[in-house]
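This report goes through one protein chain, element by element and then residue by residue. The structure is shown first.

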Amino acid sequence: MNKLKRWVVASIGAVAFFGAMITGASANTNGIDVASYQGDTASYFNSFKQVGDNFTMVKLGGRGGGEGAHYSNPKAYAQIHNADAVGMQTGGYFWGQFGDSVSDAQYSAQLAVQDAQNAGLAKGSYIALDYEAGAGVNKANNTTAILTFMDAIYSAGYKPMLYSGAYYMKANIDLSRVNARYPNALWVASYPTTSHQATPNMSYFPSMSNVKIWQYADNHYGVDGNVMVNGSLDNDKPAEKVASKATQSTNTPSTPAKTKYATFSGVYVADYWTKYNNKMYGVNIDMSIKPIDYNNYIPISAMTLTDKYGNKLKNQYIQGNNGRMEYFTLNGKYKVISQTATTINVEIGGEPVSMMKAFATIK
């Protein structure tokens, strides 16, 4: 996690012990969180198992600020796989610096789910929004954007969580709204010291309710130290969400769902060409859902070869996989067969093609 040491230490002082007495919080399970700066081998995670850490939260990626348009942790798959291999429960987190932008929050959530799927994070696991920079001036608008992100995570089959420092959370987010929709889903950072801490000192637990995980140290054998204060990561259980009351049924006949269509406005790289069932297909790696197989192949008949600016080439014959960069556009209007929060299945050239939803405009 990015650290905001100036306030996580300062904010704990006067109210720390009083807060612990109010909440009655107690240690449950110790754990860590890791990013690409940390190790990714089974022996690395086993070293933490030996000192009593039984879960790990893995950085999946991020968007905004220093993360740029989209960063994916290259070690995420190995970290999740090897932490699981030594018996640690796993979850993920995603840096989201979208302020109060609902549209950017929605897109950031799609990227987070994409990164989770690519890293092999099982459905039902937690994905935490790391929200600790770039907040807007209005608490209500920030909270709406945050809940948009969390709702998209929930809709994709994962459990949403919100991470930040105690002071930053209280200053920029309406926690009553977050807690009402997703009880016990806060992951709060607040350190009594920046010195090494082998185990949490629960007398310094921050005065907050609905905390799932307390990040009590940024120096626990060289990584962030965390403690579960409510339940566990419950990877085999669905998310808890406070649902609205069901609407009363009526005798009014339902209206058939309107057929939707996807369009694509970008100029895409033909990363490689492939033959399947005696037909030729193109593949764009970014658009494809990992692992890439025939479900992601785009029929060559629907692709218009262009230069990198989108200008149609006179010669519409592919050069083949010879290392020469080739580009294409998809100029049609393609029927949407099905979609999830992050993926879409469309009919292209008479065949179903699955791809990442972020590339399509659906109407």
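## Helix H4 and its surroundings

In helix H4 (residues 76–85), the buried residues are Ala76, Gln79, Ile80, Asn82 and Ala83. Buried means under 20% relative accessible area, exposed means over 50%, and partly exposed is in between (1.4 Å probe, protein chains only). These buried residues of H4 pack against strand S1 (29–34), helix H3 (42–49), S2 and strand S4 (89–96). Contact means heavy atoms within 4.5 Å. Just after H4, glycine 87 has a positive phi of about 90 degrees.

## Basis of the values

This is a predicted model, in which local features need pLDDT of at least 70 and side-chain atom pairs count only at pLDDT 80 or more, while totals for chains, interfaces and linings use all residues. Residues are numbered from 1 along each chain as its sequence is written, and side-chain values use heavy atoms, with hydrogens and water left out.

## The chain as a whole

The chain has 8 helices and 20 strands. Helices (H or I, at least four residues) and strands (E, at least two) are DSSP runs, numbered from the N terminus. Of the 363 residues in the chain, 47% are buried. Among contacts between residues at least 6 apart in sequence, 69% join residues at least 24 apart.

## Packing of H5 and H6

Two packed helices are described by the angle between their axes and the distance between the axes. For helix H5 (residues 102–118) and helix H6 (residues 139–155), the axes come within 8 Å and cross at roughly 30 degrees. Axes are lines fitted to C-alpha atoms, for helices over the stretch in contact, and angles run from 0 to 180 degrees between N-to-C directions. H5 and H6 are therefore roughly parallel to each other; angles under 35 degrees count as roughly parallel, over 145 as roughly antiparallel, 65 to 115 as roughly perpendicular and the rest as oblique.

The crossing of H5 and H6 is right-handed. A crossing is right-handed if the near helix is turned clockwise from the far one by less than a right angle, and left-handed if anticlockwise. On the H5 side the contact is made by Val102, Ala105, Gln106, Ser108, Ala109, Ala112 and Val113, and on the H6 side by Thr144, Ala145, Thr148, Phe149, Ala152 and Ile153. By class, this contact of H5 with H6 has 9 nonpolar, 4 polar and no charged residues. Here Ala, Val, Leu, Ile, Met, Phe, Trp, Tyr, Cys and Pro count as nonpolar, Asp, Glu, Lys and Arg as charged, and the others, Gly among them, as polar.

## Salt bridges

The structure holds 4 salt bridges. A salt bridge is a side-chain nitrogen of Lys or Arg within 4 Å of a carboxyl oxygen of Asp or Glu. One of them joins the side chains of lysine 59 and glutamate 67 (2.8 Å, N to O). Lysine 59 is buried at a relative accessible area of 11%, and glutamate 67 is buried at 17%.

Another salt bridge is formed by the side chains of aspartate 104 and arginine 63 (2.7 Å, N to O). This pair links distant parts of the chain, with aspartate 104 in helix H5 and arginine 63 in strand S2 (residues 53–63), 41 residues apart. Both aspartate 104 and arginine 63 are buried. Aspartate 151 forms a salt bridge with arginine 181, with the closest N and O atoms 2.4 Å apart. Aspartate 151 lies in helix H6 and arginine 181 in helix H8 (residues 175–181), so the pair ties together parts that are 30 residues apart in sequence. Arginine 181 counts as partly exposed, at 28% relative accessibility.

## Two asparagines with positive phi

Asparagine 184 is in the loop between H8 and strand S7 (186–189). Its phi is near 55 degrees, a positive value in a residue other than glycine. Asparagine 184 is partly exposed, with a relative accessible area of 25%. Not counting residues up to four places away in sequence, asparagine 184 touches Tyr126, Asn210, Lys212 and Asn230. The C-alpha atoms of asparagine 184 and isoleucine 213 are separated by 8.9 Å, and these residues are 29 apart along the chain.

Asparagine 210 is placed in the loop between S7 and strand S8 (211–220). Phi of asparagine 210 is near 65 degrees, again a positive value in a residue other than glycine.

## Threonine 274

Threonine 274 lies in strand S12 (residues 272–276) and is buried, with a relative accessible area of 16%. Leaving aside neighbours within four places in sequence, threonine 274 is in contact with Lys279, Met280, Tyr281, Val283 and Tyr297.
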